[in-house]
Amino acid sequence: QCGPKRRGIKSSVKRKFCGFRRSVNWLVKHLQYFFSYIQCWFLSFLDAIPSADQIRITTSLKSQRGSVWTKNKSIFEYWEVEVTFRVTGRGRIGADGLAIWFTEEQGLEGPVFGAADKWNGVGIFFDSFDNDGKKNNPGVIVVGNNGKLLYDHQNDGSTQALASCQRDFRNKPYPVRVKITYYQKTLTVLINNGFTPDKEDYEFCAKVEDMVLPSQGYFGISAATGGLADDHDVLSFLTFQLTEPGKEVPIPDAEIPQKDKEKYQEEFEHFQQELDKKKEEFQKDHPDVQGQPADDLFETVSDRELRQIFEGQNRIHLEIKQLNRQLDMILDEQRRYVSAVTDEISKRGAGFPGQQGQLSQQEIETVVKTQEEVLRQVNEIRNSMADTLRLISGAQHPGSAAGVYETTQHFNDIKEHLHVVKRDIEHLVQRNMPSSEKSKCPDLPPFPSCLSTVHFFIFVAVQTVLFIGYIMYRKMY
């Protein structure tokens with residue numbers, strides 16, 4: 001046993017053995033550091049890392065660049081791209097971001113999100129780092145280039161952006177989906193924010209009209225990291241050809257030669273064999289892992305709580321969308337009502353000129369004033385209800401007696417304001433009613449007198465006599 005010296009044990013062999021063991025431990029520890037450094041140094045020179053179900057464009061290491069491009073040019077005049085990706089990281093802020101490209105030439109490596117600058121085409125940038133300090137990131141920016149412009153990194157491309165929207169695409173429970181459509185010189189960007197499992201729940205992000213792109217080009221996706229780092233994973237990249245109504249759709253077999261198809265098939269089979277071989281080697285090196293159930297079949301407490309939170313946010317998101325639709329319907333009904341009232345007023349003015357037109361104008365002014373007064377009272381009610389909710393939330397965590405007193409005082413003030421609002425609304429109703437329909441409050445009955453004047457004087461006299469008698473009694477005794 002190697003450790004502190006014990007009394008009565010003096011063995012040179014033991015001391016030599018313990019020294020040798022400490023030297024071996026030191027050597028193993030430093031070898032681990034060395035191999036870890038070599039591994040990080042090797043990974044820093046890797047671009048994209050493919051796997052069976054996704055491509056990792058960049059790993060969560062500092063100063064990484066990666067990109068994936070199509071080998072052949074696209075001959076589509078109009079096209080649509082659907083991209084599914086994940087951007088995950090441990091930090092609250094990520095860097096640098098991810099870009100989707102359509103360019104005349106491949107931008108294999110460069111300073112613009114891992115791709116080359118001065119491109120000829122368009123780039124849709126998912127920028128996750130706020131370089132200009134305007135707190136408008138993460139965001140989606142559409143930047144076009146004719147092959148001569150340098151990307152403005154310091155301002156996050158805001159001086160060159162053709163369109164943009166602010167969306168948070170980092171650390172979402174579901175993959176983020178983007179649909180980019182270029183049709184008749186109009187580029188449209190739709191995004192699924194990754195809060196719902198619905199694949200078709202897209203939201204409008206940006207639109208650029210009168211945009212001229214190269215007739216043929218390469219599709220690509222790239223990513224880069226800086227001082228901060230995220231994992232940028234691409235799960236799918238689908239490209240579709242769009243044709244105008246009435247035009248004949250070209251035959252897909254005529255677009256790709258048979259030799260290219262065979263070559264791609266051979267590459268895919270070779271990649272699949274390499275993957276199966278790596279799996280077998282891993283199973284041989286780790287026999288203890290075989291036979292164990294998959295990790296994703298089980299759910300920890302934290303995973304379950306996180307899933308419940310995401311499901312609750314999903315329900316809130318759906319409810320908000322439903323409320324927005326209802327508000328749109330209410331606004332449409334209000335517009336129809338206003339148009340109907342306007343037509344009726346114009347008919348009255350045309351049918352009854354002179355004095356009748358003046359009376360209609362006065363009625364309109366009265367209605368407008370009444371509406372303004374009602375809106376003011378409703379705003380006061382809303383503010384009072386907001387204060388009430390705030391005070392109720394504060395009352396759930398009382399701090400001191402002063403806080404209780406302050407809460408009571410605020411509730412009394414709210415009650416008084418509600419009485420004032422009620423009285424004002426009743427006054428408005430009474431004022432707008434015709435004089436013949438106004439209800440009159442009945443007179444109060446006279447209050448009965450509980451004590452007459454004679455009884456009062458008799459009571460005072462008796463009380464005075466008793467008081468004087470008590471004083472004389474105290475003086476005598």
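Residues are numbered from 1 along each chain as its sequence is written, and side-chain values use heavy atoms, with hydrogens and water left out. In this predicted model, local features need pLDDT of at least 70 and side-chain atom pairs count only at pLDDT 80 or more, while totals for chains, interfaces and linings use all residues.

Strands and helices are DSSP runs numbered from the N terminus, a strand (E) having at least two residues and a helix (H or I) at least four. Two strands are taken to pair if DSSP finds at least two bridges between them. Strands of a sheet pair through backbone hydrogen bonds, either parallel or antiparallel. An open sheet of seven strands is found, in the order β1-β2-β13-β4-β9-β10-β11, and its pairing is antiparallel. The edges are formed by β1 (49-50) and β11 (203-209); each has a single partner strand, so one side of each is left without a neighbour in the sheet.

Within this sheet, β2 and β13 are joined by three bridges, and Thr58 stands opposite His232 of β13. Strand β13 also pairs with β4, in the antiparallel sense, over eleven bridges. Strand β10 (residues 186-192) runs antiparallel to β11 and is joined to it by six bridges, with Glu203 in β11 as the bridge partner of Ile191.

Side chains of opposite charge can pair when their charged atoms come close. A salt bridge is counted when a side-chain nitrogen of Lys or Arg lies within 4 Å of a carboxyl oxygen of Asp or Glu. The whole structure contains nine salt bridges. One of them joins Arg56 and Asp231, with the closest N and O atoms 3.8 Å apart. This pair links distant parts of the chain, as Arg56 lies in strand β2 (residues 55-58) and Asp231 in strand β13 (residues 231-242), 175 residues apart. Arg56 and Asp231 also belong to a network of salt bridges that includes Asp233.

Burial is judged by relative accessible area (1.4 Å probe, protein chains only): under 20% is buried, over 50% is exposed, and values in between are partly exposed. Arg56 is partly exposed at 26%, whereas Asp231 is buried at 13%.

A salt bridge is also formed by Lys179 and Glu82, with 4.0 Å between the closest N and O atoms. Lys179 is in strand β9 (residues 176-183) and Glu82 in strand β4 (residues 78-88), so the pair ties together parts that are 97 residues apart in sequence. Lys179 is buried, with a relative accessible area of 14%, and Glu82 is partly exposed, at 21%. Arg170 and Asp230 meet in a further salt bridge, at 2.8 Å from N to O. Arg170 lies in the loop between β8 (161-165) and β9, and Asp230 in the loop between β12 (218-224) and β13, 60 residues apart. Both Arg170 and Asp230 are buried.

One disulfide (a pair of cysteine sulfur atoms within 2.5 Å) is found in the whole structure. It is formed by Cys165 and Cys205, whose sulfur atoms are 1.8 Å apart. Cys165 lies in strand β8 and Cys205 in strand β11, so the pair ties together parts that are 40 residues apart in sequence. The link is left-handed, with -80° about the S-S bond, and both Cys165 and Cys205 are buried.

The unreviewed UniProt entry places a "transmembrane region" at residues 454-473. UniProt positions follow the numbering used here, feature names are shortened, and annotations may be inferred rather than shown by experiment. In the model, residues 454-473 are 100% helix and 0% strand, and the end C-alpha atoms lie 29 Å apart.
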